[in-house]
Amino acid sequence: MPSPEQDDLKRLGERIDEADRRQNEREAAPPPSAWGIAIRFAAEMVMALVVGGGLGWGIDWAFEHWASVQTRPWGLVVFVLLGAAAGIRNVLRAAKEINAAEAAKE
Amino acid sequence: MAMSPMEQFEVKPIVPLHLGGYDVSFTNQSLFMCLVVAAVTLFFALAVSRPKLVPGKMQSMGEISYEFVANMIRSTSGDAGLVFFPFVFTIFFFVLFSNFLGLIPGAFTVTSQIVVTFALAALVICTVVLVGFARHGFGFLKLFVPKAPWYILWLLVPIEVISFLTRLVSLSVRLFANMLAGHTMLQVFAGFVVALGAAGLLAPLAVAPMLMIVFIGALEMLVAFLQAYVFAVLTCIYLNEALHLHDHH
């Protein structure tokens, strides 16, 4: 038969585990709201377009400035399209991430 | 008090200084960056000044800060990520203290300048690239080569590169836009208070925007912390990717 102290210790251990579990539950990130998801997708798309457009613009500028080759506006055209593709890829990736997080919770 | 809500973001030189054709004046921006660094240093100096087995208030805060960042790194990149603890810790506390110091009325918000947040994001991305090359050599470039047949790869690689560079923009713009929007909103509502307060009979109505300022102020506290947290967590996630290179599809 365990002594009363051991009993107490065991019960204390159980209570600590229980409190730990509840703490972890509380600290788990809340699921993103529909608004949050919408903003995230829009941001992913716009950012990729901006980066693509910026790169294209930069490439046109660099060719004209350093190589005196007139590529304008083709760098911009091509890289905005690539940026759009990258944006769609990012949005799909984000959607996959969110779905995976939802699935993991259930 | 009738000022533009954007005036608070103006960078003004305090000590004008020109070196070799460049304007390197000491500005209110530089001043507040120094203040942020001083505040962080003071905070942790106080936290570790008289260490005891049973921590006092300051020591507790220091230990909680350490635990918080350490857990953040462990949960995103495991124990291997703890190599980057000093880096992530520094970034997190610089951003956190900038955001909170900026909330003091009259203070300048360092993180409301895209230059600052972009430089921080560039630092993070450069570190990711350097760590990637150091760990994997040229194998790091596999990050940009998805599994696909060769005839489509030439199109996918530029897309992946753009997608990678997107992080630079999203990391910096997220922090910058949040701080800019929040502080502008506060200033706009403060302007309403002044305008209504001077409107004779309508003056009691000035209480409404005043209440709004209280609520937005509370919200800004949350945003200040949250954005620092998000910045640090994303840093961890990107570093983790450079460490482990498992493709992020």
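**Chains A and B: a chat**

Guide: Along the sequence, chain B runs β-β-β-β-α-α-α-α-α-α. Helices (H or I, at least four residues) and strands (E, at least two) are DSSP runs, numbered from the N terminus.

Visitor: What should I know about the model and numbering?

Guide: This is a predicted model: local features need pLDDT of at least 70, side-chain atom pairs count only at pLDDT 80 or more, and totals for chains, interfaces and linings use all residues. Residues are numbered from 1 along each chain as its sequence is written, chains are lettered from A and ligands numbered from 1 in the order in which they are written, and side-chain values use heavy atoms, with hydrogens and water left out.

Visitor: How many helices and strands in chain B?

Guide: Chain B has 6 helices and 4 strands. Its C-alpha trace spans about 75 × 55 × 45 Å along the principal axes.

Visitor: How do α3 and α4 of chain B cross?

Guide: Helix α3 (residues 85-102) and helix α4 (residues 114-136) of chain B have axes that come within 12 Å and cross at roughly 170°. Axes are lines fitted to C-alpha atoms, for helices over the stretch in contact, and angles run from 0 to 180 degrees between N-to-C directions. So α3(B) and α4(B) are roughly antiparallel. Angles over 145 degrees count as roughly antiparallel, under 35 as roughly parallel, 65 to 115 as roughly perpendicular and the rest as oblique.

Visitor: Which residues meet there?

Guide: From α3(B), B:F87, B:I91, B:F94 and B:V95 meet B:V116, B:L120, B:L123, B:V124 and B:T127 of α4(B). Contact means heavy atoms within 4.5 Å. By class, that contact has 8 nonpolar, 1 polar and no charged residues. Ala, Val, Leu, Ile, Met, Phe, Trp, Tyr, Cys and Pro count as nonpolar, Asp, Glu, Lys and Arg as charged, and the others, Gly among them, as polar.

Visitor: New topic. How much area do chains B and A bury?

Guide: About 1200 Å² between them, with 75% of it on carbon and sulfur atoms. Buried area is the accessible area (1.4 Å probe) lost on putting two parts together, summed over both. In chain B, B:I159, B:I162 and B:T166 lose the most area to chain A, together 43% of what that side buries. The contact takes 14 residues from each of chain B and chain A.

Visitor: How many salt bridges between them?

Guide: There are 2 salt bridges between chain B and chain A. That means a side-chain nitrogen of Lys or Arg within 4 Å of a carboxyl oxygen of Asp or Glu. B:E160 and A:R89 form a salt bridge at 2.5 Å, N to O. Over all chains, the whole structure has 9. B:E160 lies in helix α5 (residues 150-197) of chain B and A:R89 in helix α3 of chain A, so the pair joins two chains.

Visitor: Where is A:P73?

Guide: In the loop between α2 (34-67) and α3 (74-105) of chain A. The peptide bond from A:R72 to A:P73 is cis, with omega near 0°.
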